[in-house]
Amino acid sequence: MKIAIYPGSFDPATCGHIDIIERAASVFGKVYVAVIKNPEKKAEFGFEDRMKMLKGATKHLKNVVIDSFSGLLIDYAKKKKASAIIRGLRAVSDFEYEFQMALTNRKMCPEIETIFFMTGSQYAYLSSSMVRQIAKLGGPVSGMVPKNVEKELKKTSPTKA
Ligand code: PNS
């Protein structure tokens, strides 16, 4: 069985992330969605909340496991016996960072391949940071994030008069 890791901050998970998880789950036997625990950049949501939101949004996918990791991604991927790391690509602006990360990971661990999934065109504009900003300002995030994430965001967003 081919195992893949889909790592990220997921702060919070968007519909674009879930689309990639669904497509990865149809290609691989098992997909570990790995939420980074100690990112250099401070996350808005705690990692347990980020995991809870992902679990709620992926419960229909039987071969997807929501997990967390800290330290080097390749160490985690080796521990899980993964043959691939999945990353999503939205625009050319993603490319430089993703290219650098993929080549660095390959240098450290040539046996694990990074595989890029092109974004669903309807999600090409979406990012977690945009979603956070909209929610903080009390704007609508419906259709941008899964329903359970929308509920969590509403808890933190200002109520409109
Ligand atoms: O969703 P993000 O924030 O773009 O995800 C970035 C992530 C978590 C995949 C990346 O920062 C990562 O893999 N961090 C773990 C540390 C590591 O392995 N670094 C070396 C490879 S660049």
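Ile36 belongs to strand E2, where helices (H or I, at least four residues) and strands (E, at least two) are DSSP runs numbered from the N terminus. Between the C-alpha atoms of Ile36 and Asn105, which are 69 residues apart in sequence, the distance is 16 Å. Residues are numbered from 1 along each chain as its sequence is written, and side-chain values use heavy atoms, with hydrogens and water left out. For the predicted model, local features need pLDDT of at least 70 and side-chain atom pairs count only at pLDDT 80 or more, whereas totals for chains, interfaces and linings use all residues.

Strand E3 contains Ser68. Ser68 counts as buried because its relative accessibility is 17%; buried means under 20% relative accessible area, exposed over 50%, and partly exposed in between (1.4 Å probe, protein chains only). With neighbours within four places in sequence set aside, the contacts of Ser68 are Val35, Lys37, Phe47, Met51 and Tyr76.

The largest nonpolar core comprises 22 residues, a nonpolar core being a set of buried Ala, Val, Leu, Ile, Met, Phe, Trp, Tyr and Cys residues joined through side-chain atoms within 4.5 Å. Within this core, the residues with the most contacts are Tyr6, Ile21, Val31, Val33, Leu54, Val64 and Ile86. Two or more residues are contributed by each of E1, H1, strand E2 (30–36), helix H2 (47–57), strand E3 (64–69) and E4. The largest share, 5 residues, is that of H1. Tyr6 is in contact with His17, Ile20, Ile21, Val31, Tyr32, Val33, Ala34, Ile86, Arg87 and Gly88, leaving aside its neighbours within four places in sequence. Another core, of 13 residues, lies apart from the largest one and includes Phe69, Tyr76, Ala82 and Cys109.

In H2, Arg50, Met51, Met53, Leu54 and Ala57 are buried. These residues cover an arc of only 160° around the axis, and therefore lie on the same side of H2; the arc is that of the directions from the helix axis to the C-beta atoms. The cover over the buried residues of H2 includes H1, E2, E3 and H6. In H5, the buried residues are Ser128, Val131 and Ala135. They fall within an arc of 60° when seen down the axis of H5, so they line one face of the helix. Their packing partners are H1 and helix H6 (147–156). After H5 comes Gly138, whose phi is positive, near 80°.

In H6, the buried residues are Val149, Glu150, Glu152 and Leu153. An arc of only 160° around the axis holds them, which puts them on the same side of H6. H2 and H5 are among the elements that cover these residues. The face turned away from the buried side of H6 carries the exposed residues Lys147, Lys151, Lys154 and Lys155. Glu150, with a relative accessible area of 10%, is buried. Not counting residues up to four places away in sequence, Glu150 touches Val141, Ser142 and Val145. By contrast, Lys107 of helix H4 counts as exposed, at 72% relative accessibility.

The largest pocket has a volume of about 1,200 Å³. On a 1 Å grid over the protein atoms alone, a pocket is an open set of points where a 1.4 Å probe fits, with protein on both sides within 12 Å along at least five of seven lines; lining residues have an atom within 4 Å of a point. Grid points are joined across faces, edges and corners, and the volume is the space filled by probe spheres set on the points. The lining consists of 44 residues, with Gly8, Ser9, Lys41, Arg87 and Tyr97 nearest the pocket centre. Strand E1 (3–8), helix H1 (15–27), strand E4 (84–89), helix H4 (92–108) and helix H5 (128–136) each give two or more residues to this lining. The largest share, 8 residues, comes from H4. By class, the lining residues divide into 16 nonpolar, 17 polar and 11 charged, where Ala, Val, Leu, Ile, Met, Phe, Trp, Tyr, Cys and Pro count as nonpolar, Asp, Glu, Lys and Arg as charged, and the others, Gly among them, as polar.

Notes
Contact = heavy atoms within 4.5 Å.
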